[in-house]
Amino acid sequence: MKNIREIKAEFEGLSIEEIPAHMSLYADDDRKGVKNILESQKKRMDKHYAEVERVEQLCHFEKMYHEYSHICGIDEVGRGPLAGPVVAAAVILPKDSRILYINDSKKLSAAKREELYDMIMEEAVAVGIGMANHERIDEINILQATYEAMRQAISNLSVKPDLLLNDAVTIPQVDIRQVPIIKGDAKSISIGAASIIAKVFRDRMMVEYDQIFPGYGFASNKGYGSKEHIEGIHRLGPCPIHRKTFISNI
């Protein structure tokens, strides 16, 4: 008879689809440890299928506009920081894409975002990145810079979309049909994917900037106005990537 540790190791190597048949092998085992393993596996399956259902619901808008060939999600990150660029991402996923755990990037851990970034980049039909730097933000204001980054992201796609699902905004000077969705990064798999791509891309940039301009904590605060960042500005003064219009009162 296998011991509890061996049985637990067996289940750890199984896919979700393989679990039910394997559970049946131990259905008559009365040992408490085995019963605990079976209960934990049931919870594992329940959690998985709940996530499958959530992601299916996340495809609501993509299914609503199914007649469009290339639906593109648009989102941005970095409107609020005191330093660094605003970054936009445009993502076209395959119509049957169901990448689990895609969500508003702010609701995910950094490790999960990195994992999903690689999955999205591998599965996407096309990904475009757009960016407006601190100088451009100071020149035309953050809203116009955000629109500019979004237009750039769309133009950098290798496949032209025929419908844009945007997180809340309507982008000026774009001749493709747009559907603005409030809190779209938590309601559309395409926008959620774009939010993850934009967030990871910008976070990586800010980590690099932390090496170039130490003392502000860019690796941890990503340019947002944390206590460490504010103290760094008072101690060192602004660095070349600070947005002058954002720090005028600091």
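Where is Ala-186 found? Ala-186 sits in the loop between β5 (178-181) and α8. Helices (H or I, at least four residues) and strands (E, at least two) are DSSP runs, numbered from the N terminus. This is a predicted model, in which local features need pLDDT of at least 70 and side-chain atom pairs count only at pLDDT 80 or more, while totals for chains, interfaces and linings use all residues. Residues are numbered from 1 along each chain as its sequence is written, and side-chain values use heavy atoms, with hydrogens and water left out.

Ala-186 counts as partly exposed because its relative accessibility is 28%. The scale runs like this: buried means under 20% relative accessible area, exposed over 50%, and partly exposed in between (1.4 Å probe, protein chains only). Asp-167 is 19 residues from Ala-186 in sequence, and their C-alphas are 9.2 Å apart in space. Lys-183 belongs to the loop between β5 and α8. At 61% relative accessibility, Lys-183 counts as exposed. Its phi is near 55°, a positive value in a residue other than glycine. Gln-173 lies in the loop between β4 (163-167) and β5. The phi of Gln-173 is positive too, near 65°, and Gln-173 is not a glycine. At 71% relative accessibility, Gln-173 counts as exposed.

Now follow the chain into α8. This helix covers residues 189-212, 24 residues in total. From first C-alpha to last it reaches 35 Å, close to the expected 34 Å. That expected span is 1.5 Å times one less than the number of residues. Of the 24 residues of α8, 17 are buried, so the helix is largely enclosed by the rest of the structure. Ser-188 caps the N-terminal end of α8, with a side-chain oxygen 3.2 Å from the backbone nitrogen of Ser-190.

Next, the strands. In β2 (residues 86-92), 7 of 7 residues are buried. Val-86, Ala-88, Ala-90 and Ile-92 point one way from β2. Val-87, Ala-89 and Val-91 point the other way. Strands pair if DSSP finds at least two bridges between them. β1 (residues 71-77) runs antiparallel to β2, and 6 bridges join them. Here Asp-75 stands opposite Ala-89. β2 also pairs with β3 (residues 126-132), antiparallel, over 7 bridges. Val-87 stands opposite Met-131 in β3.

Finally, look for open space. Rolling a probe the size of a water molecule over the atoms shows where empty space is left. A pocket is an open set of points on a 1 Å grid over the protein atoms alone, where a 1.4 Å probe fits, with protein on both sides within 12 Å along at least five of seven lines; lining residues have an atom within 4 Å of a point. The largest pocket is lined by 16 residues. Asp-75, Glu-76, Val-77, Gly-78 and Lys-106 lie nearest its centre. β1 and α8 are the elements that give two or more residues to this lining. The largest share, 3 residues, comes from β1.

The second largest pocket holds about 180 Å³ of space, where a volume is the space filled by probe spheres set on grid points joined across faces, edges and corners. It is lined by 13 residues, and Glu-62, Ile-71, Leu-93, Pro-94 and Lys-95 are the closest to its centre. Here α4 (60-64) and α8 are the elements that give two or more residues to the lining.

How values were computed
A polar contact is a pair of N or O atoms within 3.5 Å; within protein, one must be able to donate a hydrogen and the other to accept it, and residues adjacent in sequence count only if both atoms are side-chain atoms.
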